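Trainee: Pick one part of this model and take me through it closely. Keep it to geometry and composition, with the cut-off for each term.

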Amino acid sequence: MSVAELDLEYTPAVAAATRPLYERVAKVIPEVEWPFHAPLVHAINTLKKERNAVILAHNYQTPEIFHCVSDIVGDSLALARKAAQTDADVIVMAGVHFMAETAKILNPSKTVLMPDMRAGCSLADSITAADIRLLREAHPGVPVVTYVNTSAEVKAESDICCTSGNAVEIVESLDGDSVLFLPDEYLASWVATQTKKKIIKWKGHCEVHERFTGAELRDYRTRFKDLTIIAHPECPPEVLAEADFVGSTARMVEYVGEARPNRVLMVTECSMSDNVATEYPDVEFIRPCNLCPHMKRVSLSNILESLRTLEPTVEIDPTVADRARLAVERMLAVGR
């Protein structure tokens, strides 16, 4: 089927073709909404085959994207690893801009599409390449570890990148007693509790995770006596102190699968609870819904438009990309 022939009507054929996908997300998407999603889902899945494209989706994407059109899903580390391995000609990033940049850094010859270039990140915006250079002057010889939630320019000034899933392992892999760990202050504070190295922090925060409070979690425990709370380490320390488990996006998912709590509250972006709930229908999810406004800029409609037009493309200055690639590849090499 050519682009011009794509049918965006909810016809019986589209309904039949997408029914298995709907059955997967029926727990979290009301059936009355599916006729609005199904034509777009069908068109995207048709067109990406013509384009030899893959769609990478972060856990914070909505279920109709995460479960119904994506080829590769996961946290930042999983997406980085898979992006480095894909043989597709086109990569569509259903995430935020720094993730698309990472995919481009690892695939310089491929077309990388970001459906909405405004999908940014408060963490990425909290630090610049110039900030890194000044920190190096203030702390000569101290290795710089930057979270992947940063721009390509910042990665280019770094020694190595990390994600919340491998941050402790990355820090422990480095020589010396001190590490500049940037830019998330709360993740850095949590890492400091897991290592004997001195962690030098930066005051950057995720606007989703910093909104949670310890008082909020205590209130949930009062209302739900058998509640298990699992939290992302980008949350403030007072929140982590109230949690039963603290871990990266991937580890939170693994914990639910391993522990199978009767009732769980995931202290992170709320679409993730919807996505995990489809995998574990026996677990009741209590949703403290803090949405990421940047992640929600990506939609089925603009994913389809991106595939149709092969725009907007992500471009990075080759000199910056080459230096940033070293930091990302060093991260990917740790733990192999």
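**The largest pocket**

Mentor: Helix α13 gives the largest share of the lining of the largest pocket, three residues. The model is predicted, so local features need pLDDT of at least 70 and side-chain atom pairs 80 or more, while totals for chains, interfaces and linings use all residues. Residues are numbered from 1 along each chain as written, and side-chain values use heavy atoms, without hydrogens or water.

Start with the volume: about 160 Å³ for the largest pocket (an open set of 1 Å grid points where a 1.4 Å probe fits, with protein on both sides within 12 Å along at least five of seven lines; volume is the space filled by the probe spheres).

Two elements give two or more residues each: β2 (72-74) and α13 (249-259) (DSSP runs, helices of at least four residues, strands of at least two).

The lining has five nonpolar, four polar and three charged residues.

Where does the pocket lie? It lies between domain 1 (12-120 + 295-309) and domain 3 (214-286), because both give residues to its lining. The domain bounds come from an automatic or database assignment.

Note on methods. On a 1 Å grid over the protein atoms alone, a cavity is a set of points where a 1.4 Å probe fits but cannot get out, and a pocket is an open set with protein on both sides within 12 Å along at least five of seven lines; lining residues have an atom within 4 Å of a point. Ala, Val, Leu, Ile, Met, Phe, Trp, Tyr, Cys and Pro count as nonpolar, Asp, Glu, Lys and Arg as charged, and the others, Gly among them, as polar.
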